[in-house]
Structures are given as structure tokens and as C-alpha cells.
Amino acid sequence: MILKEQLISVIYQAIDEVNAVLPPDQQLEKSIHTVLFGESGKLDSLGLVNMIVTTEQKIEENFGIAITLADEKAMSQRNSPFRTVESLAEYIPQLITERQHA
Amino acid sequence: MAVDFLLKIFAENKSKDAIVWNGNTFNYQWIIDRFHEWLAKIAASGIQPGSVVVLEGDYSPNAIAAFLALIQTGCMVVPLTDFARNQKEEWIEVAQGEYSLVFSDSDEVKLLKHPNVASHELYGILKKENHPGLVLFSSGSTGKSKAIVHDLAKLLKKFQVRRKNFRTLTFLLFDHIGGIDTLFYSLSNGSCIITVKDRSPQAVCQAIEQHQVEVLPVSPTFLNLLILSEEYRNYDLSSLKYITYGAEVMPEATLKRCAEIFPNVILLQKFGITEIGTLRSKSENSQSLWVKIGGEGYQTRVVNGILQIKAESAMIGYLNAPNPFTEDGWFDTGDAVEVKGEYLKILGRKSEMINVGGEKVYPAEVEGVIQEMENVADVTVYAEKNPLIGNMVCAKVRLLNEEDRTAFTIRLKNHCRSRLQPYKVPVKVVITNESQHSERFKKKRNYTI
């Protein structure tokens with residue numbers, strides 16, 4: 001069982017990597033409340049795609065599990081899993097569970 | 001007859017070197033003698049004018065003499081090299097090959113008869129005119145290989161104009177339009193071809209030094225390998241006058257580096273399409289990707305950013321696909337180009353274009369930028385589907401020395417951001433140990449989903 005705290009720390013690793021290539025005005029703060037995409041968010045669509053793919057790679061590196069965060073399922077959620085760091089950390093375990101039962 | 005003009009040139013150059021093969025040199029008299037032997041052999045073997053004959057071999061003296069004799073007999077010739085071994089049976093079937101002449105490594109030959117009957121209507125057209133034919137296969141990087149039929153009487157016409165005489169290395173393959181062009185260009189000027197069995201940078205450099213090669217026709221992928229191997233430092237390559245490149249888009253960094261390594265060599269872009277033949281071309285200068293193409297018998301136009309060509313010597317059609325020409329006889333090359341006055345710049349294949357949220361990305365441009373970076377041996381840019389932006393740009397990179405993935409990814413993205421629009425910057429970076437070129441020294445881009 002992967003804890004939410006572990007996932008948040010992995011997302012922070014992704015933020016570090018994404019920040020390293022983002023312009024100063026788009027830097028993301030390492031906080032669970034940081035808005036990834038949507039109102040008052042700093043990322044544009046390409047920035048978000050970079051954040052998502054980097055998070056996928058970090059999950060694979062840390063836990064050895066390959067998941068796809070952005071797919072039709074993610075797009076059809078009532079609340080966007082990409083709204084904040086916290087919502088992303090809550091969405092990931094669902095995917096991992098599905099993956100393990102697939 | 002189709003090769004009479006060549007025989008005249010051979011007769012004028014009897015004692016001159018024609019082919020260097022396996023370290024031995026064969027002169028034009030040897031070719032003339034062997035050509036006549038082959039004419040007799042072909043007649044005695046039951047091969048008729050119009051028969052479809054598969055020529056399985058490489059640039060060996062015997063295979064070249066047989067090739068010429070088959071043309072003179074009026075046969076349909078299907079050259080196949082060992083690189084096509086996986087598709088051989090299928091291709092012989094598609095070409096309706098009736099005979100195979102199989103040349104061994106020691107240039108001995110075996111005649112095989114296949115159960116096929118050549119009944120294709122394109123062959124009928126050629127037979128009616130008593131013209132020899134040539135069947136070449138497209139690389140099939142996007143789908144099934146197409147069998148392309150040329151009228152050799154027309155294709156060989158342009159070689160009747162005498163041009164300069166250079167000692168040329170036959171790097172491009174015997175069953176490739178560029179290779180056919182190299183062969184007939186050399187034969188029609190009484191020049192010498194230097195053949196190599198091994199196409200590695202080391203073997204090629206060694207052949208250049210040993211046989212005083214003046215023209216090296218290659219692919220950009222080979223030039224990348226040559227630069228990385230640094231083999232050019234180990235040999236005296238001062239005989240080289242021209243390096244011609246084509247078959248795929250040249251990365252700017254590769255061209256620049258080549259111009260630095262070979263300051264006295266003229267770098268020329270060639271433009272050949274299996275369906276159309278090789279056009280005459282002129283690069284703006286050795287460091288420029290802008291090129292003027294055309295020449296006698298060719299017209300060009302750009303429609304919606306895509307290059308179209310009309311050629312007197314274009315193929316007569318595909319054996320296994322519908323006629324691709326427009327009603328007024330133009331061929332859509334599928335190559336996206338930029339235009340500057342009389343010059344064109346090839347951006348890449350339209351079919352390889354990546355659509356990122358409506359913006360166009362040509363993998364070759366991004367690869368060129370990544371190739372400028374330190375520690376990059378090889379790179380392939382491809383697309384992966386993404387529900388947010390349609391497709392995302394991905395890069396598969398082989399490194400020279402080990403480097404931390406995260407550190408390298410950050411370095412790559414920052415480098416690309418400084419040189420490209422944001423949507424062209426790869427989102428996903430994969431580090432691999434795999435080599436990214438095919439045996440034919442072309443980039444493998446089959447990662448695209």
C-alpha cells in the first residue's frame with residue numbers, strides 16, 4: 001500500500017524536475033494546495049502535460065509501476081484529478097489499484 | 001538498344017579502371033568481355049526479352065555485367081540485396097519474378113526459375129515498346145513496400161549527357177534509386193566505382209584512403225556515425241572532393257560538423273525519389289540546407305507546402321498500388337518544404353509530421369536540435385498520443401556516456417526551449433542503448449503510434 005504522503009513526495013520530485021525547465025513566472029510551489037491546472041493555475045496545457053508525464057516517470061522510478069495518468073478516464077472524472085497536487089495524489093491510488101487487478 | 005551508348009563509352013575507356021571489388025580492380029575491357037558472355041548466356045538460358053529477372057547481389061563485377069546484358073536483352077530487372085532478405089520471397093512474388101540470378105560473395109552465379117508468369121499490365125506496356133524495365137521497392141517505412149516500375153530506356157536517357165569523371169564509392173545500395181544513380185553515373189562517364197562490403201565508418205574510411213575515392217554518396221545517418229566514430233582522424237581522406245547526402249533530412253548540426261571536419265570537401269544535397277529518379281540538385285553552399293532541385297526533364301511546384309514533381313523519366317506505375325500521379329501528371333512527394341526564391345528546404349515527410357494541438361512538428365527539426373547537445377550519440381523523435389494535446393513529442397536518445405536520466409532530461413528540455421517553440425520541445429525523454437538506424441543507414445522511426 002502506497003501512502004498518500006509517499007505520493008505527495010513523488011509529486012514534489014516531479015515539481016522539481018518541471019520547475020527546472022519552466023520560466024520563473026510559472027514555477028510551481030511544493031504544497032498540497034498548489035493548483036496544477038485551472039483557475040489561478042500557472043501551467044499552460046503543455047506545462048500540464050509535462051507535469052503529468054514527469055509524475056508518471058517518477059512513479060515508475062520510485063514504485064516500479066507504469067501508469068497512464070492522462071487518459072479518457074481522467075478526462076471524464078467529475079472533478080479534475082489535475083486540479084491540485086492533493087487531488088492528483090488522491091487519484092493515483094485508484095489507478096494503481098486498477099492496474100494491480102487488471 | 002538501351003545500353004549501346006554505354007558500350008561506346010566503355011570502348012573509349014578500355015584500359016581504365018571500372019570497378020574495385022574485394023581489393024581487385026576490373027577494367028572496362030573486362031566489363032565489355034563479360035557483358036558479351038552474359039548476352040550469350042542469357043539467350044541460352046531461355047530468358048526472353050520481357051522476362052522478369054531478379055538480380056540478387058551487390059555491386060560485384062559479374063553482377064554489373066549481367067545487369068547490363070539483361071537491360072540490353074530487354075528484360076525487367078529486379079535488383080535485390082541481402083538487406084532485403086526478410087522481404088525477398090514476398091517481393092519476388094509481387095514483382096512476378098520469373099528467374100533469379102543469385103550472385104554469391106565470390107561472384108559466382110546460380111540461375112533459378114520461379115513458377116511465376118509475368119502478366120502485369122505495366123510489363124505489357126514495356127514489352128510492347130521493347131523497352132527494358134527496372135523494379136525497385138520503396139522502403140515501406142509507412143506500411144507495405146510498393147513495387148515501382150521504371151522504363152529503363154527513359155531512365156537511362158539522362159546518362160547520355162557526359163559529365164565529370166570521379167572515383168566514387170558505392171555506399172548506397174544496389175537496389176536503391178540512389179545506388180542505381182551512382183552506378184550509371186559512373187559507368188556513363190568511364191569512371192571507377194569502389195565497392196565496399198562492410199559499410200561501417202572504419203571500412204568506408206579505409207576504402208577512401210586506399211582507393212583514392214573522390215565522391216562519397218551517403219545518408220545523414222552514416223555521417224552522424226562517421227562523426228561519432230572519429231574514424232576520419234585515422235585515415236588520409238584528402239582525395240575526397242564531394243560528399244553527397246540524401247534519402248532523409250539532414251540535421252543542421254551534422255552538416256555543420258561535417259563542414260568543419262572536411263573543409264576542402266563540397267557537401268551536396270541530392271534529391272532522389274524511387275518513383276521519380278534522382279534530380280539534379282545544387283546546395284546553396286556546403287553549410288546550407290537550402291537546395292535548388294530540378295534539371296533537364298524535371299519540373300517542380302509546391303502545393304499546400306508539399307513538393308510535387310513532374311518528370312519525363314518518372315516510373316510508369318506501381319505493381320501493387322494505384323497510380324499516384326495527379327491528372328496532369330504530377331507526383332506528390334509527401335515531403336513538406338519551405339521555399340526561398342529558387343531554393344527549397346526539406347522539412348520532413350508529411351506522414352511523419354506530429355500534430356501537437358494543431359501545431360505542426362517535424363521530427364527531423366527537433367532531432368537536429370538535440371543532436372547539437374553534448375553526450376548525444378543518436379536521437380529519434382516520435383509521437384505518442386495524448387488526450388490533452390492530441391499528440392506529444394517524445395525523444396528516444398542514445399547517450400555516449402552514462403548520465404542521470406533526470407539531469408539529462410532537464411538539460412535536453414532547456415536546450416530545446418532555447419532553440420525551438422515550446423510545443424516542439426519533447427515532453428517525454430527515453431534513454432536507450434539501442435542503435436536507431438536500419439541496416440540501410442536510415443533512421444528507424446517506427447515508434448509512432
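Student: How do helix H1 and H2(B) of chain B pack, at what angle and how far apart are their axes?
Tutor: In this predicted model, helix H1 (residues 4–12) of chain B meets H2(B) at an angle of about 140 degrees. Their axes are 8 Å apart.

Student: Is H1(B) oblique or roughly antiparallel to H2(B)?
Tutor: Oblique. Roughly antiparallel starts over 145 degrees, and the angle here is about 140 degrees, so H1(B) counts as oblique to H2(B).

Student: Left-handed or right-handed crossing?
Tutor: H1(B) and H2(B) cross in the left-handed sense.

Student: Which residues make the contact?
Tutor: From H1(B), Leu7(B), Phe10(B) and Ala11(B). From H2(B), Tyr28(B), Ile31(B) and Ile32(B).

Student: New spot. Where is Gly46(B)?
Tutor: In a loop of chain B, between helix H2 (28–44) and strand S3 (52–56).

Student: Buried or exposed, and why?
Tutor: Gly46(B) is exposed, because 11 other C-beta atoms lie within 10 Å, and the cut-off for exposed is 12 or fewer.

Student: How far is Gly46(B) from Tyr99(B)?
Tutor: In space, 9.9 Å, C-alpha to C-alpha. In sequence, the two are 53 residues apart.

Student: Zooming out. How is chain B divided?
Tutor: Into domain 1 (1–349) and domain 2 (353–432). The centres of domain 1 of chain B and domain 2 of chain B, taken over C-alpha atoms, are separated by 33 Å.

Student: How many residues does each domain of chain B give to the contact?
Tutor: Domain 1 of chain B gives 10 residues, and domain 2 of chain B gives 11 residues.

Student: Which elements of domain 1 of chain B give two or more residues?
Tutor: Helix H9 (220–229), helix H10 (252–261) and strand S21 (343–349) of chain B. H10(B) has the largest share, 3 residues.

Student: And by class, on that side of domain 1 of chain B?
Tutor: It divides into 6 nonpolar, 3 polar and 1 charged.

Student: Now the two chains. How many residues from chain A and from chain B are in the contact?
Tutor: Chain A gives 13 residues and chain B gives 16 residues.

Student: Which helices of chain A supply at least two residues each?
Tutor: Helix H2 (45–63) and helix H3 (72–75) of chain A. The largest share, 6 residues, comes from H2(A).

Student: What classes make up the side of chain A that touches chain B?
Tutor: That side has 8 nonpolar, 2 polar and 3 charged residues.

Technical notes
Residues are numbered from 1 along each chain as its sequence is written. Chains are lettered from A and ligands numbered from 1 in the order in which they are written. This is a predicted model: local features need pLDDT of at least 70, side-chain atom pairs count only at pLDDT 80 or more; totals for chains, interfaces and linings use all residues. Domain bounds come from an automatic or database domain assignment. Two residues are in contact if their C-beta atoms, placed from the backbone, lie within 7 Å. Helices (H or I, at least four residues) and strands (E, at least two) are DSSP runs, numbered from the N terminus. Ala, Val, Leu, Ile, Met, Phe, Trp, Tyr, Cys and Pro count as nonpolar, Asp, Glu, Lys and Arg as charged, and the others, Gly among them, as polar. A residue is buried if 20 or more other C-beta atoms lie within 10 Å of its own, exposed if 12 or fewer, and partly exposed in between; C-beta atoms are placed from the backbone. Axes are lines fitted to C-alpha atoms, for helices over the stretch in contact, and angles run from 0 to 180 degrees between N-to-C directions. Angles under 35 degrees count as roughly parallel, over 145 as roughly antiparallel, 65 to 115 as roughly perpendicular and the rest as oblique. A crossing is left-handed if the near helix is turned anticlockwise from the far one by less than a right angle, and right-handed if clockwise.
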